[in-house]
Structures are given as structure tokens and as C-alpha cells.
Amino acid sequence: MKNLLIYSFFLLAYSNSFSQSILGTVNDENDNPVYYATVALYNEADSSFVKAESTDFDGKYRISGIEEGKYYLKVSMLGYQDIIQSDVHVNNTDDLNYKLTLATDAQLLSAIEIKDKLPLLEQKADKLIVNVADNVTNTSGSLLDVMKKVPGMIVVQDRLSMAGAGTPTILLNGKSTQYMDVQALLRDMPGDNIKKVEIIHQPGAEYEAAGSGPIINIILKKNSLFGTNGSVTFGVGKGEIWDYTTGLNLSHYAGRINITGGVGYSRNAWIDELSLVRRLSTIDESINGEYVQTNRDVARPHSYRGNVRVDWDATDQHRLGIEAKYYSSDNKRIANNETTVNLYDLQAQDYSLNTDNDIDRSWMYTSINPYYIFEIDTAGQKLELDLSLARFDRDGINTLTTTNDQTSLVESQRYTQPGKNDILATSIDYTKPLNDILELKTGLKYSHADLDNDLLSEYLADNRWINNTSQSNHYLFNEKIYAGYGKLTWKSGDWSGTAGLRYERSESVGTSLTIDSTQTRNISKLFPSASLSKDLGVLAATLSYSYRIDRPRYSTLNPFVYYLDPFTYEVGNPSIRPELTHSGKFTLSFEGQPFFNIEYKKSNDAIVEVTQQESNSEEAFKTDINFDDRTVWSGSLFFPLDFIPGLSGYGGVILTHTDFNSVYSDSQFERSKFNTTAFLQAEFGLPWDVKAELGGWYTSGNQEGIFRSEFLYGSSFGVSKKFLDNKAKISFGVEDFVNRFWHASVDYQQDMDIVSRWQAPVVNMRLSYKFGNQHLKTKSKNSSSASDVMRRAQGQ
């Protein structure tokens with residue numbers, strides 16, 4: 001036995017002495033390492049495959065254990081021309097070292113870009129994806145401008161609504177914006193860092209149950225390239241006023257570390273002009289006349305952003321990461337209001353008021369988000385831990401100065417409103433494939449929001465600011481939400497489905513320190529959801545259901561009174577109740593594109609915005625209240641434009657019926673209305689490789705609580721051209737070159753006409769340049785390109 005072991009040892013040593021390694025590097029034409037290239041070894045005599053390896057992050061490769069003989073090497077990598085290194089003669093002496101250089105295959109890259117360009121719309125079983133990153137007319141502007149690319153989205157100033165679906169709930173990279181100033185975020189956050197927008201009409205149990213409309217999940221751009229790379233952008237726009245935006249993004253992916261970050265600055269611009277005509281007539285005729293009010297607010301906020309993300313693959317199973325974000329904006333401006341009072345009494349004197357609102361507002365959002373992912377096995381079993389700490393601070397002071405043309409009386413009011421919102425959220429999610437058919441996903445989540453807002457209201461008397469104790473208020477709000485869910489996903493043949501159940505308990509406390517008043521609200525509910533899908537070949541059908549809750553926003557619960565001019569103000573409603581909604585939807589998609597939908601929504605205690613007239617007063621105010629019942633039916637039809645030669649894109653029509661039924665102001669409010677929304681987005685080519693896009697939308701008007709809106713429409717056009725080996729891109733676009741502003745009326749216990757205007761048209765230009773390595777990184781560490789070569793060589 002001993003002699004056998006000695007003989008085996010010498011035999012092994014002898015055989016190894018007659019084998020050697022082939023090693024070296026693979027670089028591109030600029031001497032940068034090419035990662036993940038396949039280096040394959042073939043016999044020179046019959047071209048039979050021998051062995052293959054992939055290059056590492058430094059472009060290095062090593063093929064070991066090669067017996068004596070004559071071979072050749074073939075190197076291949078997507079986006080490069082294949083090369084062959086001949087005369088590879090292994091003679092059992094020293095290792096062979098070859099430095100290989102790949103040349104870019106420009107023609108292939110162009111073909112890949114055309115083939116792999118993401119469609120603007122992608123219909124999944126549970127969501128509609130809008131890929132806006134490369135949209136031609138998404139040239140510059142704010143997050144609000146990006147929202148205009150979402151099919152069926154109606155954008156009126158800073159308010160969003162989806163035709164047939166209601167007010168959406170906004171998520172940022174899957175994180176809630178519930179405790180932020182969403183209007184400020186939409187208007188001031190730059191839109192050039194957004195990759196895609198997900199529209200989730202029937203959220204599963206893994207999503208928070210918050211909201212009655214669809215979830216809009218805004219996904220920011222993330223590094224998907226290996227090596228060092230980046231991009232720089234500059235944009236400029238001009239409507240009535242100029243706006244600018246610029247940004248720099250840098251990424252480095254090497255080994256197991258992926259670092260990405262960016263900074264940006266924008267000088268956005270928006271105009272908010274609101275015209276009101278109120279006709280008042282009291283029983284005693286003490287107030288009898290027409291009040292014509294025009295508010296004009298022109299803003300050019302300075303906005304800044306910064307973000308950094310680090311991902312570390314500690315092993316093939318364990319990934320840790322941390323992400324930090326920073327957004328801020330400051331906005332100084334003077335808004336103006338002109339009010340003309342035309343009294344019906346011929347003996348009375350008409351008069352007018354002029355109000356300047358000197359506004360100085362700023363906000364800052366910071367967050368840090370560490371996470372951990374444990375891929376337990378290759379079958380899909382996974383554990384995810386996530387922690388998010390965020391703060392949203394805002395500071396504002398505005399001074400209203402009003403002049404009466406008849407009495408020369410000057411009145412001044414001042415509002416100082418600092419606030420800070422601290423949010424903590426943590427979650428754990430576990431995924432376990434039970435077999436080839438069933439998968440279980442379950443998780444727990446806890447969130448805690450602590451909000452502090454202190455309003456100081458003052459009026460000017462004898463050149464001194466005096467505290468208006470009837471309006472000043474220091475308000476605290478604290479909310480904790482505990483949640484747990486379970487979801488089963490199954491697939492058998494052409495059938496698939498989900499069944500989920502989510503439990504949420506919220507505990508909220510609102511405290512007014514000024515008047516020593518506390519309001520407590522605890523809500524515990526179960527929220528079921530389910531879906532059933534059938535693959536019909538080119539068609540796919542899905543039937544889904546969800547039950548959700550729309551908790552009032554903090555700004556709604558806050559009882560502060562905020563005057564816009566001497567006759568109109570906004571006020572919160574701390575007594576408002578959450579809205580509960582049952583929703584069902586049938587979806588039919590065609591080759592992964594949206595095709596046909598029918599949706600039904602039934603909401604109890606619907607949260608709606610209303611205006612109310614003060615009794616025996618010239619003043620009116622805006623607030624949110626509950627309506628007993630809201631029912632919405634909607635159907636939509638999408639169609640692709642690809643069947644037209646030279647065109648791509650989509651069109652669609654949404655038909656909606658909205659019905660309100662509620663007791664409001666001691667009377668029965670019953671209103672309903674049909675609405676038709678149509679939209680078209682077409683992309684086509686022009687000479688000299690110029691890409692063009694033309695879009696437009698129309699909506700026939702709707703019943704929005706007590707407001708009955710008229711038809712409105714908008715349009716967009718843009719062109720783009722790539723140059724400098726496709727690294728640079730210049731785009732020109734124009735928004736709302738044909739449009740109609742928002743018109744509405746109120747005839748329930750009031751007589752009022754409303755017109756909302758914004759700057760239009762707006763012309764934009766954007767220039768971007770990409771630099772560094774532009775090749776995709778691998779998405780899986782369990783399989784390599786070299787193993788693919790071996791499988792093909794072995795006929796697998």
C-alpha cells in the first residue's frame with residue numbers, strides 16, 4: 001500500500017510537469033481592462049474546444065492544466081470584435097503570457113442599442129412600467145414634468161390625478177413620502193436622475209396599504225456598468241422665464257465593490273396663476289356682489305441634490321449596502337393678488353385690493369438607508385433587512401401687505417412656519433420557494449414619524465408685529481405603524497396567481513401645545529389582496545383585487561390657518577377620517593404591452609378637497625373633508641403604433657364614470673360625470689440619425705368632489721441626436737405648444753368659476769455626455785460566460 005502511494009505521488013508530479021498555464025490580460029483600444037470577456041482555447045488541428053475562462057475585474061485570465069500541443073485562443077466580448085491568437089504552442093516549459101487587445105464593434109453596438117432599447121411602456125402582471133430615462137422630450141425640468149409622461153396622468157399645477165384611478169400615492173425608490181411636502185418635492189426635485197416610473201394599480205400585500213389611487217414608484221438611476229464611468233448633463237429651458245439644470249454622476253464597479261454617486265443643481269421655474277370669480281349674495285343682502293380675484297405666483301427655486309451608494313458583495317450569498325441622499329431647495333419670491341369687488345347695489349362703491357405676498361421658503365430632505373441581503377440558496381430563498389432614517393426640514397416666512405384703493409388702508413400679516421419631520425422605517429422580508437409551483441413571501445415592518453410644526457401668525461400694529469393668538473399654533477404629530485404580511489405566489493403551466501394578507505396597526509397622536517389639546521387615533525385592520533393570471537400566448541389576462549386605506553396627510557390634519565389674500569385662506573382638518581377603498585381590476589396585455597383594462601373602485605369616507613363660504617362674510621376657505629361614498633368605473637384601451645412603418649410608441653383611451661353621494665353642509669350632495677381621456681406618444685426617425693417624438697393628450701373634464709372641471713389638453717414635441725461615438729447626446733423639446741388651461745366651476749351652495757394657468761409653451765434643451773467604461777456588469781455570480789461556451793461546446 002505504501003509503495004502504491006509513493007508511485008501515485010510520482011505519477012501525479014510527472015503528469016503535472018507536462019502541463020502548463022496560459023495567462024495574460026485583455027484590454028480595449030484605450031488599454032482599459034475588459035472584464036468578463038471569454039478566452040477560449042481550441043486545438044489547432046481540428047478546432048475542437050479544450051477549455052475556457054473569463055477575465056476578472058482587472059482584465060486578467062488564466063487557463064491552467066494545458067497539455068503539450070498546438071492551440072489557438074479566441075477572445076470574445078459583447079460590443080467588441082472577436083480576435084484570434086494563433087501559434088499557441090505548449091511545450092511544457094514556461095507558462096505562456098499573451099496581452100490581447102479587443103477592438104470596439106461599432107456596428108454591433110448600434111444593432112444592440114436598437115434591439116435592446118427599452119420600450120416606453122412595459123405591462124407586467126402587477127404593474128405598468130414607464131421607462132422615462134431616454135425619453136426624447138424628458139429634456140430638463142422637475143419631477144413634475146416627468147409625471148406628464150405617465151399615460152393617463154393629469155397634471156394641473158402641483159396636483160396629480162390619474163384618469164379613472166384618482167390621486168396616486170408617491171414612493172421614491174420604494175420609500176414612502178407620506179410625511180414630506182410632496183408638492184414641494186414634485187416641483188423642486190430635478191427630473192434628470194429618474195430611470196423609470198412604476199404604476200401599481202393593485203398593490204400586493206408586500207406594499208403598504210396606504211392610498212386609494214395607484215402607487216407611483218419613482219425609481220432613480222443606479223449604476224449598471226463595470227469599471228469607472230460617469231455622465232455629465234446640462235439643460236436649459238425657456239417659457240415666460242428661464243430655468244437651468246446640471247448634474248454629474250460617477251460610478252466605480254470593481255471586484256465586489258460597487259460605488260455610485262452624483263451631484264446636481266437646478267434653477268427650476270414655474271408660474272402658478274389662479275383666477276376666481278365668486279358671486280355672493282346673503283339673505284340680508286349685507287353682502288351682495290361679484291369678487292374677481294387673480295393670484296399670480298412666479299417662482300425660480302434653487303435646488304440641489306447629492307447621493308452616494310455603496311454595495312459590497314461580501315460573498316456570493318451576502319450583500320451589504322448603504323445609500324445616502326440629500327435634496328434641498330430655497331425659494332424667494334413675491335406673489336401678487338388683485339381683488340376687484342363689484343357690488344350689485346348701485347348706491348355702493350366698488351373697490352379693489354392689491355396684496356403682495358413676500359415669500360421666503362426652503363426645505364431639505366436627507367436620508368440614510370443601510371441594507372443587507374442574504375441569498376440563502378440558488379433556488380431563490382432570500383432574506384432582506386432594510387433600515388431607513390430620514391429627515392424633512394422646512395422653514396418659511398411670508399408677509400402679506402394689502403392696500404385698499406378707496407381707504408388707502410394698508411394691512412400687513414406675517415406667518416413664520418418652521419417644521420421638522422423625522423422618519424424611521426425598518427423592515428425584514430423573507431422569500432422561500434416551497435416547490436416548483438409555490439413561493440412564500442412574508443415580512444414585518446415598523447415605522448415611526450415624529451413631526452414638529454410651529455406657526456407664528458402676526459399682524460402689524462403701530463409698526464410692531466403683534467402675535468395673533470387666534471391663529472398661532474405649535475402642533476406636534478406622532479405616528480407609529482406596525483405591519484406584517486404574508487403572500488403566496490404560484491405558477492402552474494399557463495396559470496399563475498397571488499394571495500396575500502397584510503395587517504396594519506397605526507397609532508397617532510396630534511397635540512396642539514398652544515391650546516393644550518390632544519387627539520388620539522388608533523386603527524387596526526386586515527388588508528387582503530389577490531390576483532389570477534392566464535398566459536394566452538401573445539395575450540395575457542390578469543384579474544386582481546385589493547383593499548386599502550388612505551390616511552390623511554399630516555398637512556391635512558394640521559389645523560393651521562394660512563391666508564392667501566384678505567378674502568381666501570387654507571385650513572387643516574384634524575377631525576378628518578381615513579378613506580377605505582375596495583378595488584378590482586381586469587387587465588389584458590398584448591406581447592408585454594398594455595392593451596385593455598377594466599377597473600372598479602368603491603371608497604367610503606372619501607377624502608376630497610372643497611371650498612366653503614363663510615356665512616355672512618366675504619371670506620372663503622379651502623380644506624379637506626370626508627364624503628360618504630365615491631364610486632368609480634373605468635375602462636382603458638391601449639394600442640401600439642409599431643404597425644405603422646417608421647413609427648413606434650402607443651396611444652390610448654380611458655373612459656371613466658365617477659359618482660359622489662354624501663351629506664355635505666346639511667344637504668345631500670349627489671353628482672356624477674363621464675370622462676374621456678385620450679393620449680398619443682409617437683417616436684420616429686428623421687434624416688441624419690435624428691430621433692423625434694410627438695405626444696399629446698386630451699381629457700373631457702371630470703367631477704372632482706364639488707368641482708366640475710371642463711376639458712383640457714396638452715402637447716409635446718422633441719428631437720435628439722447622438723454624436724462623438726454615441727457618448728454625447730443633445731435634445732430639444734417643447735411642452736404645451738398647444739394646450740388649454742384648467743377651467744372649473746362650483747354651483748353647490750356657492751357660485752364660483754375657477755381658472756388655473758401655468759407657463760406654456762416651454763422650450764427645453766439638454767446636453768449629456770457619457771465617459772468611462774460603458775459595458776454592462778454581470779448580474780449573476782453563479783454562472784459565467786465561459787461556462788456558457790463550455791455548455792455550447794458540449795451540446796447542452
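Y664 counts as buried, at 5% relative accessibility (buried means under 20% relative accessible area, exposed over 50%, partly exposed in between, with a 1.4 Å probe and protein chains only). F627 is buried too, with a relative accessible area of 0%. The rings of F627 and Y664 have their centres 5.6 Å apart and their planes at 55 degrees, so this pair is tilted. For the terms: rings of Phe, Tyr and Trp (its six-membered ring) pair if their centres lie within 6.5 Å, and planes under 30 degrees apart count as stacked, over 60 as edge-to-face and the rest as tilted. F627 lies in strand β37 (residues 620-640) and Y664 in strand β38 (residues 647-664), so the pair ties together parts that are 37 residues apart in sequence. Strands here are DSSP runs (E, at least two residues), as helices are (H or I, at least four), and they are numbered from the N terminus. F627 and Y664 also belong to one aromatic cluster with F660, F669 and Y748.

A word on the model itself: it is predicted, so local features need pLDDT of at least 70 and side-chain atom pairs count only at pLDDT 80 or more, while totals for chains, interfaces and linings use all residues. Residues are numbered from 1 along each chain as its sequence is written, and side-chain values use heavy atoms, with hydrogens and water left out.

## Other rings

How many aromatic pairs are there by this rule? The count comes to 21. Take W363 and F392: their ring centres are 5.6 Å apart and their planes at 25 degrees, so this pair is stacked. W363 sits in strand β23 (residues 351-375) and F392 in strand β24 (residues 382-404), so the pair ties together parts that are 29 residues apart in sequence. W363 is buried at 8% relative accessible area, and F392 is buried at 1%.

Some rings have a charge over them (NZ of Lys or CZ of Arg within 6 Å of the ring centre and within 35 degrees of the ring normal). The charged end of R278 sits over the ring of Y291, 5.5 Å from its centre, and R740 lies over the face of F711, at 4.0 Å from the ring centre.

## Strand β2 and its partners

Strand β2 (residues 38-43) is mostly covered, with 5 of its 6 residues buried. What does β2 pair with? It runs antiparallel to β3 (residues 49-54), joined by 5 bridges, and antiparallel to β5 (residues 69-76), joined by 6 bridges; two strands pair if DSSP finds at least two bridges between them. V39 stands opposite E53 in β3, while T38 stands opposite S76 in β5.

Most residues other than glycine have a negative phi, and most peptide bonds are trans. In the hairpin of β2 and β3, with 5 residues between the strands, S47 takes a positive phi near 60 degrees. S665, in the loop between β38 and β39 (667-686), has a positive phi near 55 degrees and is partly exposed at 34% relative accessible area. D689 has a positive phi near 55 degrees as well; it is found in the loop between β39 and β40 (690-699) and is exposed, at 66%.

There is also a cis peptide bond between A760 and P761, with omega about -5 degrees. P761 is in the loop between β46 (752-757) and β47.

## Salt bridges

The structure holds 29 salt bridges (a side-chain nitrogen of Lys or Arg within 4 Å of a carboxyl oxygen of Asp or Glu). One of them joins E240 and R296 at 2.8 Å, N to O. That pair links distant parts of the chain, with E240 in the loop between β16 (227-238) and β17 and R296 in strand β20 (residues 288-299), 56 residues apart. E240 is partly exposed at 46% relative accessibility, and R296 is partly exposed at 31%.

D753 forms a salt bridge with R279, the closest N and O atoms being 2.8 Å apart. Here D753 is in strand β46 and R279 in strand β19 (residues 270-281), 474 residues apart. D393 and R391 form another, with the closest N and O atoms 3.8 Å apart; D393 is buried at 17%, whereas R391 is partly exposed at 32%. Salt bridges that share partners join E240, E273, R296 and R757 into one network.
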